[in-house]
Amino acid sequence: MIEFKLPELGENIEQGDLVRLMVVPGATVSAGQSVMELETDKAVVEVPSSVSGTVQEIRVKEGDKIKVGQVIFTVDGAEAKSSDQSRAAAAAAPVLVRPVPVPQATPATTPTTLPAASPTPDAAVAPTSGPSEFKLPELGENISQGDLVRLMISPGTKVAEGQPVMELETDKAVVEVPSSVSGVVKEVKVKEGEKIKVGQVIFTLEGGASAPTDAQRPRTTPVEHVSGQHGARLAFQAAIRAEGKTEEQALPPDQPLLAPQVFSMPVQLGKVAGTEQRQPIPAAPSVRRLAREVGVDIYDVKGTGPGGRISEDDVKAHAKSLLQAASAAAQAPPRAGHFAQPQLPDFSKWGKIERVSMRGVRRKTAEHLAESWNTIPHVTQHDRADITELEQLRARFAPKAEEAGGKMTVTAIALKVCSAALKVFPQFNASIDVEKEEIIYKQYIHIGVAADTDRGLLVPVIRDVDKKNIVEIAVELSQLSKKAREKKLTPEEMQGGTFTITNLGGIGGVGFTPIVNFPEVAILGLSRSRMEPEWVQHKGGGKFEPRLILPLSLSYDHRLIDGADAARFLRWIAEAFEQPFLLSVQG
Amino acid sequence: MSESKNFDIAVVGAGPGGYAAAFLAADLGMSVTLIDPEINPGGVCLYRGCIPSKALLHVASLIEESEQAKNWGIEFSAPKIDLSRLRSWKENVVKKLTGGLGILSKQRKVKYVQGRAAFENSTTLRVKKFDGAEETSTFDRIVLATGSRPAIIPTLKLDTPRMMDSTGALNLEDIPSTLLVVGGGYIGLELGSVYAALGTRVTVVEMLPGLLPGADRDLVLPLHKKLEKLFDSILLNTTVTAVKDEGAGIRATLKAQDGSTQEKVFGRVLVSVGRKPNSEIPGLEKTQVKVGPKGFIQVNKQLQTDDPSISAIGDVVGEPMLAHKAMHEGRTAVEAIAGQKVAFEPNAIPAVVFTDPEVAWCGLTETQAQNENREIKVAKFPWAASGRAITFDRPEGMTKMIIDPHSERVLGLGIVGVGAGDMIAEGVVAIEMAALAKDVALSIHPHPTLSETIMNSAEVFFGTATDIYRPKRG
């Protein structure tokens, strides 16, 4: 028996919510095959199996919160194995799921479920990409498909590894795709003009069948009908009694020989009752027993001896480190915002209520904002920017942005303005390392933009804003917003920000106090810009003029930023909005 | 653990697994009842299996060797075989050992009940004693060690003593002029060798393309060559489709792979096509014990069945059906019952075929590695380079070590040759201790012995074996 545990999903991702399970007990999985969808941090990822075999027991259910390292299911059977290779493949990267409506799989529970019963086409048992077929490989970050422009092979063609076999047009470019396999093409499974997805089989190779992969190897299907067997036994007992026979006389005739397996040659040592299919661990029997006694999984222990041999001391050291980690966790103050709050009253006393799981984005947002709020002494500085002139410019350049596929919005302009301001005021583009008592100044300007989606608050990050012009920024912002709405954002696209902009102007309001996006130190909030009467000074007098005013709210980490600096920073931004010329002079 | 000492435990079946479990339970302070149809503990292994067959195989090898002595200038006249004395000697061996176990039971105050047990419920057994009395008792824990029996092919069932299973063959009622052995596994080859040495002309029929299916072919080859001389014929890819009792013999129809058939009359037929678990225990349906598709009782690594008060061990829980596996399981099951944190998780279970030459292996086999696509290095040391093997004129043997090429850890050992069964234990220890090939190569082995070949095979891995020139490749 082998356990499949949730692999590392990425930096700082420790857990996720199980959205969809793609396996059921009895199903056959192969390494690399997607077995579930997990909603983590701010994306839904498909998690591939690192083990092969027949699923025996599933230890999680849909809706569960699952931590990295937690056992998802166990596999059994002659083919059950967990190769290092597949483990590496699994660790490589969970695949981002496209936002198709998710059909709910109903995990079967009856022991009579046939292997290979799969709830959805995605989970269908596909042969692992052995040397017998070629699948569209990863083409690059965020490229999940492309149009097949030209096929360079046909059945019978001899291909060698590295040889280009087709041209694919992706969002970004036309690329030549080289083969990763060698052999003679047997069947081509795609046509020119088709949209091809990463992982889709392009062609199969001749003679691939001679080296079947685990998944293809025919397997016996031990289907046990418990009730049937029980019945048979009862019938047998009754027969004995009825005929007055002894047990030995009444033993039912043996089944006819079906297969050579009936030979009880002691050769299938791997199939000893009760033993798992894990590779033998390099530890002496006494050491393995010690591990059991102290409650350590010997497979988790790192051996320090020759060939990775595990000594008694290794086991003890491992147990000690587990203990220390556990006690450290126990002593640590309860994490702020981790639902550590006074007991709730019984709301249903006062009316009907509904309880909804607070998973994924909502929970993550709650935790993150509570942590920010508890860590950072917040102050919010308010200011107003006169964007009357800017608005005229914006309207004039809007078609240009549109042409490029973007939208010239106030947010896009604010991004450019802030990137310039952050260069002038580097302490706003910094983080505090409390432990080392250091300030970390970042030499790059990546600005996050809070996006309101139906899944909650997402903050995609635009990289190197200072190196892009407003049109470029507008285009990228449009793309990211679209992705955010379509749940296509990857965790990477939401990491690494140095400053955040949040614009609630589309909805309304005259000002608000945004919460700094920890570990950043400042966040700029934009509210609804409106025409206001402004006193405009003229020679020999003045008068009220209608001006378009944009309210600005800057929250900052008072540990690092003094109030005067914040006021200066926000004034600089306001002036940059008022006189875009400043950008080219100072930005 | 002190609480467990008061456990009342019953062990059903007194084969090696059963008595090992019962004795350990007694040693741990439990009150133990051991139930078996035989007069003393021992089970199939002692009464009708390993032990009597080994006694007969010893005789066979003596006959063989005395013949071979001609080559060394020593000539004996043809042996005179007194079958009844041979039989009684064999029976004395069995009696000595089983009687000894009976005494050991008494010394440990194990309550030995000769009879058959049936379940009343998960903790209650009704035992029908052989003196006719019935006794119903309740226990805290019950260990099932009911073993296995020879598998039968329905089409090869004849109601005549000429049609034998392993039990019948070991009874040695006569020395038939011809014997058909159905099944080229270890039981058929061992018993076929005995009869051949006693003068019977033996034909072995095996439906697969090789003898000892599953064992590495290079280990089987020297044995195959030897048996080709000893036996009349070895028919591979062949099945027996029909048998007919003709009074003076059994007419058997042999069907070859190409579909051609031949008929032949044999004095006796031995069917040795494997063994079946004895899981049809009366009243088992009154418990929660689950039986798997092949008739094996299902257990976890602590040998516990789905019924919390019932454990099961030995042949009845799965392959390999070997006494030493059963004994280890029996002890593990009792330790688990006693509350110790244990599991049955061997890295190597040795398998031995007691033919001449013997074939033995443990841990990973080359065949298994190929099936699993595991990267291994195989280091072979032929006994033609072993001084000891030359001294007794048996240079056909071979020792091979299966090694992990990266960690250089010993993963498996295979030996064919005289005494292979005794030597394989070193491989088991090496594998269980996670020894490296270097560890074995650097351990001084006594000279001149066959055990040196194990050290030599490790040296072959490094390309530095003293007694053979085989530089390391690559």
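Which residues in α1(B) meet which residues in α8(B)? Pro16(B), Gly17(B), Tyr19(B), Ala20(B), Ala21(B), Leu24(B) and Ala25(B) in α1(B) meet Ala323(B), Ala326(B), Met327(B), Gly330(B), Arg331(B), Val334(B) and Glu335(B) in α8(B). Contact here means heavy atoms within 4.5 Å. Divided by class, the residues of this contact are 10 nonpolar, 2 polar and 2 charged. Ala, Val, Leu, Ile, Met, Phe, Trp, Tyr, Cys and Pro count as nonpolar, Asp, Glu, Lys and Arg as charged, and the others, Gly among them, as polar.

This is a predicted model, in which local features need pLDDT of at least 70 and side-chain atom pairs count only at pLDDT 80 or more, while totals for chains, interfaces and linings use all residues. Residues are numbered from 1 along each chain as its sequence is written, chains are lettered from A and ligands numbered from 1 in the order in which they are written, and side-chain values use heavy atoms, with hydrogens and water left out.

Two packed helices are described by the angle between their axes and the distance between the axes. For helix α1 (residues 16-27) of chain B and α8(B), the angle is about 30° and the axes are 7 Å apart. That makes α1(B) roughly parallel to α8(B). Axes are lines fitted to C-alpha atoms, for helices over the stretch in contact, and angles run from 0 to 180 degrees between N-to-C directions. Angles under 35 degrees count as roughly parallel, over 145 as roughly antiparallel, 65 to 115 as roughly perpendicular and the rest as oblique. The crossing of α1(B) and α8(B) is right-handed; a crossing is left-handed if the near helix is turned anticlockwise from the far one by less than a right angle, and right-handed if clockwise.

Chain B as a whole has 13 helices and 22 strands. Helices (H or I, at least four residues) and strands (E, at least two) are DSSP runs, numbered from the N terminus. Of the 474 residues in chain B, 57% are buried. Buried means under 20% relative accessible area, exposed over 50%, and partly exposed in between (1.4 Å probe, protein chains only).

Several loops of chain B have features to look at. The peptide bond from Glu319(B) to Pro320(B) is cis, with omega near -15°, and Pro320(B) lies in the loop between β17 (310-312) and α8 (323-337). Another cis peptide bond runs from His447(B) to Pro448(B), with omega near -5°; Pro448(B) is in the loop between α12 (437-441) and α13 (452-462).

Leu172(B), in the loop between α5 (166-171) and β9 (178-182), has a positive phi of about 55° although it is not a glycine. Leu172(B) is buried, with a relative accessible area of 0%. Glu408(B), in the loop between β21 (398-403) and β22 (410-417), also has a positive phi, near 65°. At 25% relative accessibility, Glu408(B) counts as partly exposed.

Ile376(B) sits in the loop between α9 (366-371) and β20 (377-382) of chain B. Its C-alpha atom is 6.5 Å from that of Ile402(B), although the two residues are 26 apart along the chain. Among the residues that Ile376(B) touches are Leu364(B), Ile402(B) and Leu411(B).

Chain A has 11 helices and 28 strands, and 41% of its 587 residues count as buried. In chain A, helix α8 (residues 410-424) and helix α9 (residues 470-485) have axes that come within 9 Å and cross at roughly 125°. The two helices are therefore oblique to each other, and their crossing is right-handed. Thr411(A), Ala412(A), Ile413(A), Leu415(A) and Lys416(A) in α8(A) meet Ile470(A), Ile473(A), Ala474(A) and Leu477(A) in α9(A). This contact has 7 nonpolar, 1 polar and 1 charged residues.

In soluble globular proteins, nonpolar side chains tend to be buried together. A nonpolar core is a set of buried Ala, Val, Leu, Ile, Met, Phe, Trp, Tyr and Cys residues joined through side-chain atoms within 4.5 Å. The largest one has 55 residues, and those with the most contacts inside it are Phe499(A), Leu552(A), Leu554(A) and Phe577(A). Elements that give two or more residues to this core include α7 (388-404), α8 and α9 of chain A. Its largest share, 10 residues, comes from α8(A). A second, separate core of 50 residues includes Ala21(B), Leu144(B), Leu303(B) and Ala338(B).

How values were computed: Lists of a residue's contacts leave out its neighbours within four places in sequence.
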